[in-house]
Structure formats: structure tokens, C-alpha cells
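Welcome, and please keep the structure open beside you while reading.

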Amino acid sequence: MMRTKKGATGVALGAVVALAAAACSSGTSTSTGSASTAAMAAKGGTLFILNLGPHNGLDVQQSYVGADLQTANRMYSRFLTTYSTDAEPKLIADLATDLGTMSDGGKTWKFTIVNNAKWQDGQAVTCEDVKYGGSRTFATDKISNGPTYTLQFLDIPTDADGSSAYKGPYAGTGQEHYDKAVTCSGSTLTLKFKTPWADFNQATASLGIFAPARKDKDQADKSLFAPFSNGPYMLEGAFDPAKGGTWVRNPNWDAASDPVRKAYPDKIVDVEGIQPETVYQRLLADGGDDKAAITFGTAPPSVLPTIASTAGADKRTMNVPAPYVDYVQPNVTTPAMSNPKVRQAFAMATNRDAYITANGGPQVMIPTYALCNKVLDCYKDFNPFGAPTAGDPEGAKKVLADAGVTTPLNITVVYRKTATRDKAFAALKETWDKGGFNVTLEGITDRYYRTISSPAMKTKDAFYASWGADWPSGSTNMPPLFDSRVNLTETSTNQDYGYYANDAVNKAMDAAYLIPDVAARERAWADIDEMISKDGGVIPLVNQKFTFVHGSSVKNFQVNSLFGGYADLAVIAVK
Amino acid sequence: MTIAPGQPESTSTDIAVALDVQAVDGAVAIQGRSPWQIVRRRLRRDRVTMVALVTSIFFILLAATSPLLAALGIISPDLTHPELVQGLGSMPEGALGGVSPQHWLGVEPGTGRDLLARIITGMTTSLTVALLATIFSVIVGTVIGIVSGFAGGRVDWLLSRFMDLVLSFPSTLMLLSLQAVLVDRIASIMQQPSSAPPPKIAFMVIVLGFFGFPFFARIVRGQVLSLREREFVEAARSLGAKRGRLYFKELLPHLWAPLLVYTTLVLPANISAEAALGFLGVGLNPPTASLGAILNDAVSYARPDPAYFFFPGLTVFVLVLSFNLLGDGLRDALDPKSGR
């Protein structure tokens, strides 16, 4: 599957948990709370968004960050499909007239583009614009850090080196292949895939892969901070990634043509470059413009007591599930971890409770044994070795002794270094050491995911990673992380950091793709999840949670659980 | 008293005697004292310096014995107490960050590790690095300073420009950027994994020491410039003394005083530098504590748990201040021209 997740390619921003973390959106079938009453919202006013930054980019085809994609979709870039703003968000049509028609067992998809959508200069959004947007993802030399599913799925031949024969609209090489795979007849868009892609219309809602782009306004890589709007807002002046920018109403956007965006504020000011602690001090102080402010960065644990002790802040606070799952993946090629019994003992001695406490407690994380997020349909409640969340070091020791392993067993665990994670892994080490291991911790700050996927790290015994599903399906959890055939190469493990390669698992994944029934397919992913855990291939630790505070004049503050768990800008209001 | 050429006594005995006369205020008997006796006398009279000396020795002793204290179980810096940090956001329960008879300075938020134990072991890391780096600077600086000052001419010019070059580098930035390359290189030379403490300590010592040597080299060079014209050097030279003897037997004994003073002044600078590095995330792997790493974590807790920030901050403050005051006092005591 796709190669990148946000943390892997671009950002080594480190500090901010949510914005710089892993991939894209995740879903939930359960709760979406609303902190303020939905009534009384009116048009007008200025909304302020306070973030750490720097901003990764406004070009949806170059974006893989959940919060960025959500803002883009709600403010200036409509996708073929999107998620509704209901308490239980649903997949709905946006630029397409319906959710698309799948035929040929998922190999062909057809969408009809609506006829009343307009660009910020008044021109109509056409099928050709959508087709052009999709073609940009092939220009991997200019358009980077975005999703690359199209390269893998669209029915376009590959060159000898495995890259696509189509090199994007700028080089133009292989344009005939793309024109064959993606066709426009009138307002009908037809896409042909090599292999079935049954949940393609969910992918188009979560990712900007087929968001329309205007050829005459496209500046390739220079479009990163120069978006051309077809949504309710457009950029006023320039956008500085380190400082932010101002969005004003797009006069050519017609509310009647839009099924989801209410666009209450007259103006949206994005302010980047504020430390999370400062953001929350300002939001809690609730003075001046900050009354109309929100943030996409979750509250750091050190702020939680201040939130609780600030009078009236509880009405402006929301604690919601986040899409990200933290896990530790053993490296099955090292002398220690190649033994399944050692992996089992390692998993049993993993103290999730200590990890959670060190990260800030139950408001920040909840323990899990599954890699699939608890709010998704691919989640299954299992416990591979029956160890409690606090770990079972005695049991682990026994497993090691029964397997004839000399203890203490020296292993090295690699993690992405922050002051908080230093403590979290020191806490994990304590129980691992009790369970018969002698753990050396190695924290890496710079280019974490790129570093751990390089051959230089092959001698390390286990790696920390964090993952969020690209769209609400197990197909964006298991294959990207554990399919050895798409991940393992000579120069990189890509996202299979632990060199996990299991033919039975690979076969099960192939079979799961082909299951037509959605519910049955998600159950199949859940079984694969359990299979990998039982083999000691991965040790999922926690589901992250977000805590957000917003200013007192912000109305309709609700998070969209299918859209990354951030404040939904489609309905937010400040009047 | 005979004054042998090249003996350190020769420079300050006269003054020392003269000062002694003043000190006893016209007493009849003129008693000869060695310069070290005089320095000791002066130090003993300087109360601030004595306090700084005692504090510095106390810190050094504490840092030196911390591995022993940990081995004996008197302090346990890595033992977590999750039950003590069940407050919201995993804050310690109780006043001043969880101060209790078991945990005199409270516990760390998130893990409940004893803060006092972590500060003591953190001091061990910081002082080890700072001391070794200072010694490294002193050795390299002295050798280069003597050679530069004594040789003169083109050698002097080259070495002096090299010192200027090193001084003009931003050392913290260099440390950060060199880390990735150098730690691995040092680890492979030491035949240890790059995650082990020795290569990382060696890296910090070498880099901090390297950027500190010009301070010593310049002082030494200046001293040597004036010393090399003195009669005893001239005499030694005319007697056919070799270069090595001139450098280390004739000149070096006269350099101890300024070197000692500068050591006590550079050492606290290195302690702060090590703390700054820990703050920036360079340094030893957890769970090994370092003062900078503790402060780095504590900054974000400054509002909800000020004690967690205050105690390690105070430690760095007192540590650096006492070494600085000690250095100041030593300089006054060793300086024959100071008016006391």
C-alpha cells in the first residue's frame, strides 16, 4: 500500500503530538460530542486558530496531516466525497452528485461532478479539473509528502524500476496512460484500477488525491502555500508557514451548492508559531480575540490541572478519541527477537499502565491490545497472551526460562525522543527489566521514521511508532504496516520497521481485500490484527486521546470523528 | 634563602614577605612563608570563598558517591512510583510536588521517580562531563599556549589565528550538528554501541573541551610571553637546556596560579553548557539523569508543579555560583597585586 505517513516523510517537528504525528484521518462509529449548544449560531465575526506550526502546506495533494486535510476540505478545497457533520458522521457526496458507482468488482469507479460548484474566479469546477488534480499525485518529483495510492492502484503500466510510466502533468511523459485510466465524458469521471479498490469513495473523502486543481493556476511545488479555492474561504494575501495567514469569504461560493459547509465566520485567521503551553494559557485566559480562538494541538498533560482549576473552563473543554495508536514493533531479525517465545515474553512484560501514566494519564491515552483503533469497525477485543495492562513480568520470566533463554537478555529499544517519552520508556523499561530483559533505550530526535526504516537500524531489537488509519478501514492499518511484499526493500523497511514477514498473514490480507461485504471485510482485518499480535509481530500500547479547549464565544465546537478528531470548521461559529 | 633559577618561589617570595610585614603591622620578626601558605591564609580569611569551597567539595563528594549510594539502595533514581502521581495529568499528589519523608524534594510528574535521587545522579553526569572537559581544555590549552608564546614568529601567528577561529565558532550549534557523525565514530573507536554512555560522554568531553581550550591557551601564552624574557629562562637557555625542559620545568611551574583560577571559572561554564545540551536533548540515554534533561522536562510543568522546576534549577544555580565564587576567591588570593 502507500509508502508514506506524515511522520515518515516530512515533518520532524517533534514537539507537537497531534499535528506532526502520523497519517491521516480515522473514524469512529460512536461518539462525537458537542460542547456548546448548536443553537444560536450566526454568520459573522473572525475565528482565530492558534497552532504551534510551522504549517506543512495548504496543497491537498501534498498533504498527509489530518488537521491540515480537514481544514483544507472545510475551507477551500472540496473533495468528491466528504464526511457529514452529524454526531455520527456519514460518508456523503460533495463535488460528486452521489457516492460514486463501483463496477467490475471494484476495478472501475464512476462519479458525476456537480454542475453548480465554482472556483474563486467564478469559473465552474469541471470533471477535467478533478482529473487534473488526480494527475498531480504522479509528479513525485514536484508533488511530495502526499498520499500515493493513485500510483499503486490506477491502471497505468510501471517502468522497469517499478515506478509508474506516467510522470505527472509537468513532465508529461506517459500522459496517454493516464488519459486511458482516468476519463471524462461531460461531467462523468471514470477511473480504472489494476486491483479492486472497494472503499475508494472513503479514500476520496479522507485524502485529497482527487481534489480538483486548476491547470492554469497550478504552480507545481510552488502551489504548496498558494491554494486556489473552490470552497467558502480564500486566502487573503500570502501565507507564511511560520506565522500563518488570513482567510476571507470566497464571493463565488454559493451556500446552496454545498451540502455540508455552513461557513459562519466572515474571516478565519490562522496563527502559527505558538508553543502549546502558551496556546492553552491564552485559551484559558479567554481574553480579547482569544475568546474566538480554537487550536488543533491537543493540550499537553502539564496543562490538564490548569484546565481543571480554571473556573468555567470545563464548558469549553472536550476530551475525545484521537486516531493515533502507539505501538512497539519487535525486530524479528535480531538474535533475541527472532525467537517467538522472546517476543511473547517481551509483549507480556509490557506495562501499558506505566506508559499511560508517564504520558499524562487516562485523559491522554487508553490501553489497547489491538493495532486497529478502538473506534473503528476493524477493532476486536483480544488479549494475545493474557497479560494485564500493567504487564506480567513474572509470567514473562517464566516464558523465557521455559524457552531456555539466559536472562537477563540484552535488547535495545528505539523510540522518538521527547522529554515525555523519555519518561514513558524509562517506565516501560522498568517492567521489561523485571521480566528478564536488560533494556537499553535509544532516543532519536531527527527524522525518526526515516532513520528507523534504514538498514543501519537492523541490529536494534524493537521500535516505537505511532499510526493513524488513512480512512476508517483495516485496509489502511494492516497492509501498510505488515505486508512484507510492499514494505521490505534493500534500502528501507518502509513502514514494516520490524522486518515482519509472514506468508500466512500476507495471504490472509490478499483474501481480506477481496471480501465484498464491508462488515465481513473489517472482521477479516481484525482477525489479521490478532494473528500478528499472537505471533509477537507487534505490541500495540495505547489509543491516544485529544483534549481541546476553545474560547468562550466559539459556538458549535464539535469534533468530526471520521475526519481526524479535530474541530469541524464546517459548522463552527463565533457569533 | 637561596633563590634557585626556575623555582616558582622566586617570583613572589619578596612580595609575600613584604605583605606579611604589612599584615602583622610592623611586627619585628619577619617570618618567611611559602606562597601557598600565604594563599591558604588569605583564603581562610575570605568567608565567602570558604563557603563556596565547602559547597563545591560537598557537591563533588555527593556526585562522586552517587553510584555507590545507588548501589547500596540509599537512593533509587530509576525506581518509578506510579501510585504517587495519580493527580490529573499525572501530577504528584501533595504539596511542593509531592514532598514527603521518603521523597525530600518530591517526585517527578508522570513516573513518580524520586527527584532528589535524580538530581544527585544528574549532578554526577553533569560534573563528570564538565570536569573531564575542563581537564581536556587545560591540557590542550597549556601545551598550545606554551608553544605559541615561547616559539613566537610564524608558529605563534598560526596557533593564535587557530584559537581565534575556534573561539568564533558557535560551540552549541557545533555540538548539535556534530553529534550524529562523531558519536558513531567515537563509539566504533571505543568498540561500544553508540547508545552506551561512554561514547556520548567522550563526545561531549571532546567537543566541550575543544571549544574551551583557547581560553587557557591565550592566558598561558600571555604569561609565557612575559616569562620567557626573564633571567632564569635566559640562564637556563644559556646553560643549554632543551626545549622540553624550558617548557615544562622552567615555565610551567609559574603558570599554575592562573590555570587554577581559570579552571574554577571554566568549570561552572561547562556545567551550564552540559545542562544546556541536556535541555536540547543531546546527552545520555534515559533513564540516566542529567540536570539539563530534568530541567527540559520541568519547563513545561513550571505552572502546575513549580517545585519540580525550582529544585533542579536551584541546584544548577548553587552549583555554578559556588564554583564561580571559588574561582573569584582563588584569583584574589593568588594574585600578588591584590590589595589584601
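## Where the chains meet

In this predicted model, 30 residues of chain A are in contact with 23 residues of chain B; contact here asks that the C-beta atoms of two residues, placed from the backbone, lie within 7 Å. On the side of chain A that touches chain B, the elements giving two or more residues are helix 10 (304-309), helix 12 (352-359), helix 14 (419-434) and strand 15 (437-444) of chain A. Helix 14 of chain A provides the largest share, nine residues. Helices (H or I, at least four residues) and strands (E, at least two) are DSSP runs, numbered from the N terminus.

Sorted by class, this side of chain A holds 12 nonpolar, 10 polar and eight charged residues. Ala, Val, Leu, Ile, Met, Phe, Trp, Tyr, Cys and Pro count as nonpolar, Asp, Glu, Lys and Arg as charged, and the others, Gly among them, as polar.

## Confidence and conventions

The model scores ipTM 0.76 and pTM 0.80. Where pLDDT is low, the predicted coordinates should not be read in detail.

Residues are numbered from 1 along each chain as its sequence is written, while chains are lettered from A and ligands numbered from 1 in the order in which they are written. As this is a predicted model, local features need pLDDT of at least 70 and side-chain atom pairs count only at pLDDT 80 or more, whereas totals for chains, interfaces and linings use all residues.

## The six-stranded sheet of chain A

Six strands of chain A make an open sheet with mixed pairing, in the order 13-17-12-16-14-15; strands pair if DSSP finds at least two bridges between them. Strand 13 (365-367) and strand 15 of chain A are the edge strands, each pairing on one side only. From one strand to the next, the twist averages 30°.

Strand 12 (residues 317-330) and strand 17 (residues 539-549) of chain A run antiparallel and are joined by nine bridges. Met318(A) stands opposite Phe548(A) of strand 17 of chain A. Axes are lines fitted to C-alpha atoms, for helices over the stretch in contact, and angles run from 0 to 180 degrees between N-to-C directions.

## The four-stranded sheet of chain A

Another open sheet of chain A has four strands in the order 4-5-7-6, with antiparallel pairing. Strand 4 (101-103) and strand 6 (182-185) of chain A each have a single partner strand, so one side of each is left without a neighbour in the sheet. Three bridges join strand 4 of chain A to strand 5 (residues 108-112) of chain A, and Ser103(A) has Thr108(A) as its bridge partner.

## Two helices in chain B

The axes of helix 11 (residues 256-279) and helix 12 (residues 291-299) of chain B come within 6 Å and cross at roughly 50°. That makes these two helices of chain B oblique (angles under 35 degrees count as roughly parallel, over 145 as roughly antiparallel, 65 to 115 as roughly perpendicular and the rest as oblique).
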